[in-house]
Amino acid sequence: MKSDTIAAIATAMSPSGIGIVRISGSDAFAVADRVYRSKSGKVRLCECESHTIQYGYICDNGQVIDEVMVLLMRGPRSYTAEDTVEIDCHGGVYLMGRILEAVIAAGARPAEPGEFTKRAFLNGRIDLTRAEAVIDVINAKNEYALRGSMDQLQGALHEQVRKMREVLLHELALIESALDDPEHITLEGYGSQLKDTVDNLLKTVDKLLKSFENGRIFKEGVNTVIVGKPNVGKSSLLNILVGRERAIVTDVAGTTRDVIEEQINLNGVTLNIMDTAGIHDTDDCVERIGVERARKAAAEADLVIYVMDATREPDGEDEAIMELLLEKQALVLLNKSDLRVVLTPEKIKSKINKQIISVSAKDLTGISQLEEIICKMFFQGELKYNDEIYAINVRQKNLLVTAGEHLKLVKQSITDGMPEDFYSIDLMSAYEALGNMIGEAVEDDLVEEIFSKFCMGK
Amino acid sequence: MAAIEESYDVVVVGAGHAGCEAALACARLGMETIIFTVSIESIAMMPCNPNIGGSSKGHLVREIDALGGEMGKNIDKTFIQSKMLNRSKGPAVHSLRAQADKAAYTAEMRKTLQNTDHLTIRQAEVSEILTAEDLSGLGKTAWTEDARVAAVRTVSGAIYYCKAVILCTGTYLKARCLTGEMISNTGPNGLSAANYLTDSLVSHGIEVRRFKTGTPARIDRRSIDFSKMEEQRGDERVVPFSFTTNPDDVQIDQVSCWLTYTNERTHEIIRTNLDRSPIYAGIIEGTGPRYCPSIEDKVVKFADKDRHQIFVEPEGLDTNEMYIGGMSSSLPEDVQFEMYRTLPGLENAKIVRNAYAIEYDCIDACQLYASLEFKKMPGLFSGGQFNGSSGYEEAAGQGLIAGINASRKIMGKEPLILDRSQAYIGVLIDDLVTKKNREPYRMMTSRAEYRLILRQDNADLRLTKIGYEVGLIERERYDRVCEKERLIEEEIRRVKRVKLGASARVQALLEQYGSIALNTGVFLSELMRRPELDYEKLGPLDENRPNLPPDVREQVNILIKYEGYIERQVKQVEKFRRLEKKKLPVPYDYGTISGLRIEAQQKLNEFQPLNIGQAGRISGVTPADVSVLLVYLEQLKYLNRDLFNSLNEGIDNEVSV
């Protein structure tokens, strides 16, 4: 197999203790040799055995960049099934960047996002679900998402889907056997039995679909709500946050769950700013933006940013909102700090035990502090989510929905008293949709199943 | 003395069910055709069961008929009982099965062959396939100069020059029959085996393998006590196989079949004597079919079943032999004698012919293109059991396609390749040429993904036009199908517009069929979809119903009643066809595509698939490999526009209709 050699930093770009630069492809060993120097200066990686670790240095133009361990794996016994070299270096964004540059100067090409996984998939090392989970790991924006992805990588989703397919295959085989050999196999009373089976499958589908909802949180960041009475400056604040990060904003409106208006990345922490509290609707009347709405929004959010007008004294409504923030992760912003301020952090500290920041949406004071605090909260693990294990992506979700629809049609066919062979049309569609989820082929196995389980006569 | 030398367009080797269809198709397409058989008496012989049709096989027969084949017509003339199987199930799995009068079936087919222009029958054993190169080695001149097939030679040394050869050797190549310790080197029914041809094929680089199958004993009807068995009658109203047969002509007096069961004593005898079975003793090397197991296989593999059904079927009107369906065996004669006599009604059974297993040489059909032509030897085609299938109907279907494509090759036309959404024949051939079949291949409804569309009742609507295009269907029949289509469409449109109110007359009819009364007016088509109702039952409420032929009414009923399901199936077909339309270059060196696993590269190089869909069905090619191929095709679009464009103009193997 011929492939060009790619390289990338395989660990997170964060100030962690250790980092890995991975090289994969036909020339991986040769490329590594060009930047590697053993302690004695005599060891050549090309000559070392596979699956060994070598100690040494990474050099750039004769200058030592870092002291490293080099892990050697010859294909196909590697993640990508190609020759692979992993350089375990001291972590740190700068250092890893230097090493990668050196490796690229030595003949590797920078890997595209997910390219290692793509190669592993194309080389038959991993199936589709695992490939997607790994890509999710790469794209995962925080540790929780990482956890979901890891579980998926270990095949939790695969296992669930595989089990469902097994059940479907058994039912299909039974129906087909009866059709091919009507004189030996009867389907009397089969409908009601199948209905129970389908009900159970539908429950699993629903469970997995729910985890999709939760899985999205993992992947797309902290669900954040900005609440506050009208004219306190919510919109300006949002515009500032979005505007500052314009380059990395993704518009994910139109997704099926609660409409997420904007996605913002603050120093690596992703916030989904949700439009549940009339953020764009500054003309909204007081009654409608009242406590009830704030309560509802706050209940759904992982983080609540409560904006107050620093030029006005708090009223009863503010008191009520503050009360329901007690149980939430929340921040209080005192906006309009550029004007004549009547409300200071000190003044409300007694009322609410949350971080309080004075900001001015007009002259941008306090915004950096806000970002810093949010990141700190995130990295200290204060922003928590639930921990469902099956994080699935949109493609998988759509296939699950399709499978679910066909299962419902099977139930409909049973209810309508259709002959048994009609069940198999939708059973097969469900089976295929699930098969597509995990990248398994449909052919052959059905016939195999028929032969292995049922006695056919002629 | 000089050997005979003759020239033909097509040589067909073997006159079984595949050979007959192949030869008839060629001759009817104007090819000068010669068909060889080891014995004239064995033309279209049925050496195993006395049935034509059955689940999914009935579909094959109807498709053969719609394409212009002979099997359907032949059985309509010679059946002695007929049944539509699976009537309680949906229309997709209704399947015709007829009991044949074996002798009459054979005689009738022989008569047809004998009376077909351009067709010569010859009793002789073909021993060699000769390419142009082989001929020049013999000092002869061939019409072609490449490695193409140019002639066959018989055991006697006679040479028959030709432009195409179709091998339909059935179970005759190096055949060996086994009954316990008794082994004879003969073909079925004691006919002589063909012992030379295999070597000639092997010398041309064709790989052969060994399969086995078996048949039960035949018992003298006078020794059977039918009062201990359940009678199985034919249908009240017989449906013919052929779309050209007038249904009124097939309402004959039918004979009965009989049902009995094995019991613990039968199983005990089999278990005690298993060591004397050639299969269990390891004497048989060939692989047998799992779906058509011998009785000893059933007893071993399904040990929890305390009885197995056994069908006792007449082999014809002028014979006392009864076929003991479900009890094929290769156990020794004495064990058979004891074993059959444990069955209720067979206590005093007299065996006319022993059950036996038969081993024979055949090929892995992956060596063929879907046209049934050998990849290694242009002009050489094959069909039937030689290709690793089993069953008369499977054989006939392949024989017909091989005959059509051999003729088309000579005429310089593109081959006819039916896809999996067009016909069971398409499924059959696609499975044979893309999948590693480790046992004789039998057609089953479960093998067809799109069976709601591939019904036996619409085979004419699916395939008659193709048969016409090919040249095996006459204009009049083609016009009839077009007219049928028109009537169906018109009537469906009408039925969808007929509105019924909640009148007393309507409610009374609904009540009569146990159907829920109407609250408001509905369309007739909506009522038809209720499980308890159909087009015919609602006739009295449909005042302006035109007088339509029964086959049109049947289609209208099915197409409306199951509309939702059919639509879903059509969607599945569209998805399937998308991959079939993605053509791959042929020939192509898949070693140059990086990212393909080595195994996939080898398989793809070996098979040379025509399109992505076919590539994905090849055993050993995984979905991940298919993704790589899809990626490759995408790349081709940018990197090699010319090759990509040529794919989508050049190779189109379907006959356009």
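The legends below describe close-up views of a predicted model.

**View 1. Helix 3 and helix 4 of chain B pack against each other.** In this predicted model, helix 3 (residues 71–78) of chain B and helix 4 (residues 102–114) of chain B pack at an angle of about 130°, and their axes lie 9 Å apart. That angle makes helix 3 of chain B oblique to helix 4 of chain B, and the crossing of the two helices is right-handed. From helix 3 of chain B, the residues B:Asn74, B:Ile75, B:Lys77 and B:Thr78 take part in the contact, and they meet B:Ala104, B:Tyr105, B:Glu108, B:Met109 and B:Thr112 of helix 4 of chain B. Sorted by class, this contact has four nonpolar, three polar and two charged residues.

**View 2. Three strands of chain B form an open sheet.** The strands of this sheet follow the order 4-6-5 in chain B, and their pairing is antiparallel. Strand 4 (51–53) and strand 5 (79–85) of chain B stand at the edges with a single partner strand each, so one side of each is left without a neighbour in the sheet. From one strand to the next, the twist averages 20°. Strand 4 of chain B is joined to strand 6 (residues 95–100) of chain B by three bridges, and B:Gly53 stands opposite B:Arg97 in strand 6 of chain B.

**View 3. Cis peptide bonds occur in chain A and in chain B.** In chain A, the bond joining A:Gly75 and A:Pro76 is cis, with omega about 0°, and A:Pro76 is placed in the loop between strand 5 (63–73) and strand 6 (84–90) of chain A. In chain B, a cis peptide bond with omega about -10° joins B:Val586 and B:Pro587, and B:Pro587 is found in the loop between helix 17 (563–580) and helix 18 (598–607) of chain B.

**View 4. B:Ala44 and B:His118 have positive phi values although neither is a glycine.** B:Ala44, with phi near 50°, is placed in the loop between strand 3 (33–37) and strand 4 of chain B, and B:Ala44 is buried because 27 other C-beta atoms lie within 10 Å. B:His118, with phi of about 65°, is placed in the loop between helix 4 and strand 7 (119–123) of chain B, and B:His118 is partly exposed, with 17 other C-beta atoms within 10 Å.

**View 5. A:Lys376 is placed in helix 12 of chain A.** This helix spans residues 367–379, and A:Lys376 counts as exposed because it has 12 C-beta neighbours inside 10 Å. The C-alpha atoms of A:Lys376 and A:Thr117 are separated by 32 Å, the two residues being 259 residues apart along the chain.

Notes. Residues are numbered from 1 along each chain as its sequence is written. Chains are lettered from A and ligands numbered from 1 in the order in which they are written. This is a predicted model: local features need pLDDT of at least 70, side-chain atom pairs count only at pLDDT 80 or more; totals for chains, interfaces and linings use all residues. Axes are lines fitted to C-alpha atoms, for helices over the stretch in contact, and angles run from 0 to 180 degrees between N-to-C directions. Helices (H or I, at least four residues) and strands (E, at least two) are DSSP runs, numbered from the N terminus. Angles under 35 degrees count as roughly parallel, over 145 as roughly antiparallel, 65 to 115 as roughly perpendicular and the rest as oblique. A crossing is left-handed if the near helix is turned anticlockwise from the far one by less than a right angle, and right-handed if clockwise. Two residues are in contact if their C-beta atoms, placed from the backbone, lie within 7 Å. Ala, Val, Leu, Ile, Met, Phe, Trp, Tyr, Cys and Pro count as nonpolar, Asp, Glu, Lys and Arg as charged, and the others, Gly among them, as polar. A residue is buried if 20 or more other C-beta atoms lie within 10 Å of its own, exposed if 12 or fewer, and partly exposed in between; C-beta atoms are placed from the backbone. Two strands pair if DSSP finds at least two bridges between them.
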